[in-house]
Amino acid sequence: MDNPTALKLFLDEVGDISRFAGKFLTQWFKPRYEIAEFVRQCFVIGYQSLPLVGLTGFIMGLVLTLQLRPSMVDYGVESQLPAIVGIAIVREIGPVITALIFAGKIGSSIGAELGSMKVTEQIDAMEVSGTNPFKYLVVSRVMAAICMLPILAVLSDAISLYGAYLGVNIKGATSFRLFWMLVIDNLAFNDVLPAFIKTFFFGFAVGIIGCYKGYNSKKGTEGVGHSANSAVVISSVVIFIIDLLAVQITDFLGFN
Amino acid sequence: MSQEMVLNISHLYKSFGNNHVLTDFNLSVYKGENVVVLGKSGSGKSVLIKCIIGLLKPDEGTIKVFDELIGDIDDVALDRVRARVGFLFQSNALYDSMTVRENLEFPLRRHWIAVTQEEVNTMVMEALEDVGLVHTVDMMPVELSGGMRKRIALARTLILKPEIILYDEPTTGLDSITGSEIIHLMIDINKKYNTSSLIISHDMNCVRRASDRVVVLYNGICYASGTYSELIHHQDPNVKQFFEQDYK
Amino acid sequence: MIKQPFNNIKLGAFVLSGLVFIILLLYLIGKNQHLFGTSFHLKVRVDNVQGLKPGNNVRFAGIDVGTVKKINIINDSVIEIDMVIEEEVQSVIRKNAMVSIKTDGLVGNKVIEITSAKLSAPTVENGDMLTPKKLIDTDEMLRTLNKTNNDLAIITENLKITVTRINNSKAVWNLLNDESIPKNLNQSLANIRKVTQTAGFMANDLQLMVSGVKSGKGTLGKIITDTVIAANINETILSIQAISKHADTLVKQLNATVADVQNNLNNGPGTVNALLKDSSLTNKLQLSLLNIQKGTDGFNQNMEALKHNFFFRGYFKRLEKEKIKANGKTQTN
């Protein structure tokens, strides 16, 4: 390669990631299925991320409510605060904040774990031990990320809404029942389903980029650190790109 | 020593870009024989050993392990071959997230060898006994010293009762005493299970003690071949440089 | 595995709680949109849906009872709205209920409002077509209100000008204060009285004449034999009849005039009213009418007597026959 420009390197990387993702897509449904490892990764990726995701979700719900209240009061629609917060949380805040936190926690840990496994030849050792490391490591993790992020996002929505409920009640009195009715009344399938579906893609992006970065880690501890770091950066950017695409697609399909 | 050939490499070529690592490399290993491949860092020793196990694909040439042509066979057959070939990695490659027991169980379960938990336990304990580390069975790899880790890695390689063991620089990164212990263990095991071994090393202590035959890998070819005592008096400077180092 | 005991239980709880929440959320939204449970359809055709969308609420008496399912364009001026309504309220919505599209609050979503009509009717059935009310949207309402306001402003302005003019106009006030009008009126009434008096005298004369005939004095023979005299009598009677007819219409006209005067000026200010309420005038008027009545009564009696007199019986019978004939003719015609 003679004098590779930044653009060339970028395109090279995108091509590599695409090929890696393509390999995932052709491999994940073929036996052998690494069910035990998948379940273990679900536990690590999903369950163990819940406290962090829940905390950020709760704070986002609370803060969003408190931030929106003055404007709502100005327009005289304070009673619609639960409705607007509910829509904001379910449509955008819940999925995206959860995905970003998820990228920070899981993307980096996958990148670092697979990176160090690569560097210390554990991936080779697995291959020698009659295991397809791509299936054992990559497919299980990416599938776990795809399955767990939607659940995390949904739970984060629930916790966020509870935070919003507390936020509404800091400067006013609304029963939980009324709050909940206002939220539900103003939600439609169009709000919930596209938001839910896009979290699967967020999970896929975080998982596949983390694995790609780890799987192609350079030798040495610096390489592992770089893998973890770039996994977070790239997957965060990709989350926003997917979000942008998702809103265009749902708009195009008339779901907005 | 029987004349049954377990490993045959002929006309092997492998290059990374413009870096031609192996050019027309030939080597045969017979049953029960311990062959040491001697070479400088970056001379392609690790590449050679990874080609044998199928981790890397050679550009040209054939590798024959137990009459199976690596590269021509499918994944299932390759796994069957791999179950009969042990590989001791330079960096041990112990799975950090698993205990010693799980590390040892891993290849057993993955190759569908042992079925019942009882059999698995027996084999794990037997392998740990061979390396003298039974008490570490429920420890994590990070809790172990470098020498212990190497021994656990060896135990993991042994557990499948391989017919060939490929050692990738077994003494690198260890102090000389621990290295000696490892070499001693290797020799014991080879005798006990009558395995052939291909040892990649530039540690002359290891070469002297473990080798039945030494192959010098230089410029991508099998530069010289012979027993330790034959090669030590070799006049070629490219061979001599390894042995001179041994005298210091 | 060994490091994390019960992790499967925790993982299971985690996954289940997530699934339960999303399913609950979807179920509640679906329930809100009346996708579950028994429901029925109602339709309405309007010319403009004013931005109504599928999913908007349908209200009956202010209660959410359903949602808009579909909006179909039938042709350029007819749009059919298909509504899904909870089955529970089927028994209270009647076939003559009215449907209108309204806005939930000033800036809110569109809603369909079903309003009961006053009259009772059978309850609706699945697929019934309801009648739309005149659809009022806020915009149109505000526009109309604006126009009304403008009109009102113009009217008020005109009214103000008129009142000012009346106030400033001496002619009007002069007219209202003119005392010659009641005088003239008085004069007119006096004339009427004169006419009726004349009629009274005439009747008296006739009476005298007839009594002469009764008593058979003087010219009786002549009367019986002389057809010329009979013809004269005939003529006289016809004249009397004409006069009495005139008197009748006169009285009617008088009545109307009096009623008009009363209506127009009963509550009016000034001397006009006072004059009319003058009881003496009324008394005079009444007297006049009484006289007329007396006159005509007397005349009637005389005529009745004439009818029964054998001299004239034949004549009257003939008259009656002709009358019946004429009536029959007009009826057949």
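Modeller: pLDDT is the predictor's confidence in each residue, on a scale from 0 to 100. This is a predicted model, in which local features need pLDDT of at least 70 and side-chain atom pairs count only at pLDDT 80 or more, while totals for chains, interfaces and linings use all residues. Residues are numbered from 1 along each chain as its sequence is written, chains are lettered from A, and ligands are numbered from 1 in the order in which they are written.

Biologist: Which elements of chain C have the lowest and the highest mean pLDDT?

Modeller: Helix α5 (residues 220–225) of chain C is lowest, with a mean of 51. Helix α1 (residues 7–32) of chain C is highest, at 89. Chain C averages 75, and 73% of the residues score at least 70. Where pLDDT is low, the predicted coordinates should not be read in detail. The model scores ipTM 0.85 and pTM 0.68.

Biologist: How many helices and strands are there in chain A?

Modeller: Chain A has nine helices and zero strands. Helices (H or I, at least four residues) and strands (E, at least two) are DSSP runs, numbered from the N terminus. From the N terminus on, chain A therefore reads α-α-α-α-α-α-α-α-α.

Biologist: What share of the residues in chain A is buried?

Modeller: Buried residues make up 50% of the 256 in chain A. A residue is buried if 20 or more other C-beta atoms lie within 10 Å of its own, exposed if 12 or fewer, and partly exposed in between, with C-beta atoms placed from the backbone.

Biologist: Why is A:E121 called buried?

Modeller: A:E121 has 22 other C-beta atoms within 10 Å, so it counts as buried. A:E121 also has a positive phi of about 65° although it is not a glycine. Its place is in the loop between α4 (81–119) and α5 (122–128) of chain A.

Biologist: And what makes C:Q50 partly exposed?

Modeller: C:Q50 has 15 C-beta neighbours inside 10 Å, so it falls in the partly exposed class. Phi of C:Q50 is positive too, near 55°. The residue sits in the loop between β1 (39–46) and β2 (57–60) of chain C.

Biologist: Which peptide bond is cis, with omega near 10°?

Modeller: The bond from A:P31 to A:R32 is cis. A:R32 lies in the loop between α1 (6–27) and α2 (35–45) of chain A.

Biologist: How many residues does the contact take from chain C and from chain A?

Modeller: Chain C gives 16 residues and chain A gives 17. Two residues are in contact if their C-beta atoms, placed from the backbone, lie within 7 Å. The chain C side that touches chain A has nine nonpolar, six polar and one charged residues. Here Ala, Val, Leu, Ile, Met, Phe, Trp, Tyr, Cys and Pro count as nonpolar, Asp, Glu, Lys and Arg as charged, and the others, Gly among them, as polar.

Biologist: Why is strand β7 (residues 164–168) of chain B called largely enclosed?

Modeller: Five of its five residues are buried, so the rest of the structure largely encloses β7(B). B:I164, B:L166 and B:D168 cover one side, B:I165 and B:Y167 the other, and all are buried.

Biologist: How many bridges join β7(B) to strand β8 (residues 196–201) of chain B?

Modeller: Five, and the two strands run parallel. Strands pair if DSSP finds at least two bridges between them, so β7(B) and β8(B) pair. B:Y167 has B:I199 as its bridge partner in β8(B). The chain crosses from β7(B) through helix α6 (residues 176–193) of chain B to β8(B), and this β-α-β crossover is right-handed. With the strands pointing away from the viewer, right-handed means that the path from the first strand over the helix to the second runs clockwise.

Biologist: How many bridges join strand β6 (residues 85–88) of chain B to β7(B)?

Modeller: Four, again in a parallel pair. B:V85 has its bridge partner B:I164 in β7(B).

Biologist: Which strands stand at the edges of the sheet?

Modeller: The open sheet has six strands in the order β6-β7-β8-β3-β9-β10 (chain B), with mixed pairing. β6 and β10 (221–226) of chain B each have a single partner strand, so one side of each lacks a neighbour in the sheet.

Biologist: What makes helix α1 (residues 45–52) of chain B mostly covered?

Modeller: Eight of its eight residues are buried. Among them are B:K45, B:V47 and B:C51. B:G54 follows α1(B), with a positive phi near 85°.
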